[in-house]
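Open the model in your viewer and keep the selection tool at hand. The stops below follow one another, each with something to select and something to look at.

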Amino acid sequence: MSTTASAAHPAVDASDGHVVMTETRAEVAYLSEARADLLLQASAARRPVVLVSDEVTRLTYPMREALRDAGGRWVVRGTDGTLRDGFDGRRLARVADAVSGDRVASADDVAVRFLRPQRAEAVQLLLSQSVRHQAAPTTVLGGTAELLSQELTGAPPLGWGAHEPAVVGWDRTRLTELARGRMPRETTVMVAGSPERPVVGTIRTARTEHGLEETTQLVVAVGAPGSDEARAVVDRLPQVMAAVGAQQLPLFGLVLARTGRQDLTFPSVLEAPPTPLGMLVGPPGVRDLGLDVRDLGDRLGARVVGRPRVPGLYFPLGTFTEPGWPALDAVLDALGRDRVRAVLGRAGGPWEGVLGG
């Protein structure tokens, strides 16, 4: 992307020849067609995109993940004119500083306004689940998103689309037709629920040597913190993941919980960290990692899911009262972090914080 070409893009507001800046004053910044195209072009040209916003702006999950996947940054301009990184709170002197130097903010570097406490409105589940399909005319995508949404909220997704807002009525056949028409290119579509049953996320489909790999990443609001509703959903997670193992050919799955906004958007302030709840290793992962099913059941409480002859494993990790990080560390140590990272490939989403990108 040349300087001239980038300046002509409708989503570009400024460019210094390397960093591309796009600005918004909206309360919610979503992954529109123009922003998605800008991120795609800039990433291909190895030019970082910086989204500049006011303090009131929040990001949707697809926008947040797409910006980070493209190597972009989020700069927040405070009401007092100061600048900070919207992801880690680092104070900035200039917008361009967001993409230069060390991105890890120390305590002294963090802007005070980033540390403002936020009221927790809902328990959010962050899910990443990959499954494998045959590259066959009978394959229909979207089953994972439908199953997880139905099991966790009581209803399938309300809409989907190539960009946000995802306003096309939920239709797995049309979703599959879009992905099939783009093959062998990778396809990512947006998924959304209703305000009453909040779900938001992405479905990425890619052709591999084994067939089709469909990766579903969702954020789901399951009830108020401390509520019986939220607790019931979390307690049912082993059964939900067992259903994934029984109905599909899962590869890897991860579920984390955190508290946040009911509308599932991400503000530019520090939020509660997530805790792992469960991890699913499907039959291909069990085989590729050479796992001893019985031994892992005895040592780590792993539960067999799917068919006994080609088993997968579900590892319960944490609860509302018991943080899941020690259990997840034990599982990853037993499986081998580098081996898991190699098998997962470019997983992104919740796996990024678990495996370090």
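A salt bridge here is a side-chain nitrogen of Lys or Arg within 4 Å of a carboxyl oxygen of Asp or Glu. This is a predicted model: local features need pLDDT of at least 70, side-chain atom pairs count only at pLDDT 80 or more, and totals for chains, interfaces and linings use all residues. Residues are numbered from 1 along each chain as its sequence is written, and side-chain values use heavy atoms, with hydrogens and water left out.

**Stop 1: a salt-bridge network.** Select E23, R25, D54 and R77; salt bridges link these residues in a network. A search of the whole structure finds 20 salt bridges.

**Stop 2: the open sheet.** Helices (H or I, at least four residues) and strands (E, at least two) are DSSP runs, numbered from the N terminus. Two strands pair if DSSP finds at least two bridges between them. Show the six strands that form an open sheet with mixed pairing, in the order β1-β2-β4-β6-β7-β8. At the edges are β1 (14-15) and β8 (91-92), each of which pairs on one side only. Now select β2 (residues 20-23) and β4 (residues 49-54): these strands run parallel and are joined by four bridges. Which residue of β4 stands opposite M21? It is V50.

Stop 3: Select E55 and R113, whose closest N and O atoms are 2.4 Å apart in a salt bridge. E55 is in the loop between β4 and β5 (58-59) and R113 in the loop between β8 and β9, so the pair ties together parts that are 58 residues apart in sequence. For accessibility, buried means under 20% relative accessible area, exposed over 50%, and partly exposed in between (1.4 Å probe, protein chains only). E55 is buried at 12%, and R113 is partly exposed at 29%.

Next select R58 and D263, a salt bridge with its closest N and O atoms 3.0 Å apart. Because R58 lies in strand β5 and D263 in the loop between β15 and β16, this pair ties together parts 205 residues apart in sequence. R58 is buried, with 13% relative accessibility; D263 is partly exposed at 37%.

**Stop 4: helix α4.** Select residues 143-153. Is this helix largely enclosed or largely open? Eight of its eleven residues are buried, so α4 is largely enclosed by the rest of the structure. Among the buried residues are L147, L148 and L152. The buried residues of α4 pack against several elements, including β9 (122-133), β13 (199-208) and α7 (237-247), where contact means heavy atoms within 4.5 Å. After α4 comes G154, with a positive phi near 90 degrees.

**Stop 5: backbone exceptions.** Most residues other than glycine have a negative phi, and most peptide bonds are trans. Select R46, in the loop between α2 (33-44) and β4; phi of R46 is positive, near 55 degrees. R46 is exposed, at 75% relative accessibility. L264 also has a positive phi, of about 70 degrees, but L264 is buried at 3%.

For the cis peptide bonds, select E164 and P165, where omega is about -5 degrees. P165 lies in the loop between β10 (159-161) and β11 (168-169). Finish at M183 and P184, joined by a cis peptide bond with omega of about 5 degrees; P184 is in the loop between α5 and β12 (187-192).
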